[in-house]
Amino acid sequence: AAGGATHWSDRLTGLTAEERLDLLTTLVRTQAAGVLGHADPDAVQVDTPFKELGLDSLTAVELRNRLAAATGLKLPAALVFDYPQAHVLAAHLAERLAPDAAAQAGRAASGDTTAHALQEVARVEHALSAAVAQGLDQAAVAARLEALLARFTASTAAAADGDDAVDQLETATAEQVLDFIDNELGV
């Protein structure tokens with residue numbers, strides 16, 4: 001199994017982040033298509049959740065086993081539920097197979113940061129779905145999620161307002177700056 005991981009690590013060396021992701025997305029789509037009985041990997045869309053494609057618990061384990069055999073990685077049983085779309089799963093495999101390259105790519109491109117954040121949101125979604133059946137205090141969790149969303153929205157708005165204020169300050173006349181000070185500081 002370790003030889004498979006080395007093989008993929010070698011294949012990914014020297015590729016750009018986009019090329020690594022494309023190659024691993026093709027692997028995931030090909031294996032998912034095989035599990036679902038499709039001859040063409042194009043039947044598995046990169047952004048469609050595996051559940052919507054027809055994967056259930058049994059086929060999810062089969063897909064995990066195929067990916068583990070192909071990559072040589074030890075993968076968790078809930079892999080497909082933790083990473084519920086082909087491109088998200090491929091990004092996870094890229095991190096596991098080429099961690100140094102994935103870290104560099106993550107620092108270099110904000111798109112990777114967005115993908116990682118969305119991946120984490122998907123993991124939380126999966127955990128919440130599983131916890132509902134186990135008597136989850138939905139009101140407490142909902143309140144916490146709403147507070148998190150409010151902070152996230154406020155920080156995004158503040159950053160946008162801050163950028164706007166800087167632009168306005170750079171182009172303001174002396175009179176406009178003094179008016180701002182009077183209005184905002186009550187001087």
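User: Why is R66 called partly exposed?

Analyst: R66 has a relative accessible area of 30%. Buried means under 20%, exposed over 50%, and partly exposed lies in between (1.4 Å probe, protein chains only). R66, at 30%, therefore counts as partly exposed. A word on the basis: this is a predicted model, in which local features need pLDDT of at least 70, side-chain atom pairs count only at pLDDT 80 or more, and totals for chains, interfaces and linings use all residues. Residues are numbered from 1 along each chain as its sequence is written, and side-chain values use heavy atoms, leaving out hydrogens and water.

User: What makes R66 and E62 a salt bridge?

Analyst: Their side chains meet at 3.4 Å, N to O. The rule asks for a side-chain nitrogen of Lys or Arg within 4 Å of a carboxyl oxygen of Asp or Glu. R66 and E62 therefore qualify. Both residues lie in helix α4, four residues apart, about one turn of the helix. E62 is partly exposed, at 34% relative accessibility.

User: How many salt bridges does the rule give?

Analyst: The count is two. R29 and D42 also pair, at 3.3 Å from N to O. R29 sits in helix α2 and D42 in the loop between α2 and α3 (50–53), so this bridge ties together parts 13 residues apart in sequence.

User: Why is V44 called buried?

Analyst: The relative accessible area of V44 is 0%, so V44 is buried. V44 is in the loop between α2 and α3. Leaving aside residues up to four places away in sequence, V44 touches R29, A32, A33, L36 and L53. A contact is heavy atoms within 4.5 Å.

User: What makes L15 partly exposed?

Analyst: L15 has a relative accessible area of 27%, so it counts as partly exposed. L15 is in the loop between α1 and α2. Residues up to four places away aside, L15 touches R20 and L23.

User: How many helices and strands does the protein have?

Analyst: There are 10 helices and zero strands. Helices (H or I, at least four residues) and strands (E, at least two) are DSSP runs, numbered from the N terminus.

User: How do you know that the span of α2 is close to the expected one?

Analyst: α2 has 20 residues and reaches 28 Å from its first C-alpha to its last. The expected span is 1.5 Å times one less than the number of residues. For α2 that is 28 Å, and the reach is close to it. Buried residues of α2 include L24, L27, V28 and V35. After α2 comes G37, with a positive phi near 85°.

User: What makes the largest nonpolar core a core?

Analyst: Such a core is a set of buried Ala, Val, Leu, Ile, Met, Phe, Trp, Tyr and Cys residues joined through side-chain atoms within 4.5 Å. The largest one has 28 residues, and L24, V28, F50, L63, L67, L89 and L93 have the most contacts inside it. Elements giving two or more residues are α1 (2–12), α2 (17–36), α4 (57–71), α5 (79–82) and α6 (86–97). The largest share, seven residues, comes from α6. L89 touches V28, F50, L67, L79 and Y83, residues up to four places away not counted.

User: Which residues form a nonpolar patch on the surface?

Analyst: V124, L145 and L148 do, with about 240 Å² of accessible area together. Patches take residues with over 30% relative accessible area and no salt bridge, joining like charges within 9 Å and nonpolar side chains (Val, Leu, Ile, Met, Phe, Trp, Tyr) within 5 Å. V124 is in helix α8 (residues 110–132). V124 has 43% relative accessibility, so V124 counts as partly exposed.

User: What are the totals for the protein?

Analyst: Of its 187 residues, 25% count as buried. The protein exposes about 11700 Å², with carbon and sulfur atoms supplying 57%. Areas come from the Shrake-Rupley method with a 1.4 Å probe; for residues, only the protein chains shown count as cover.
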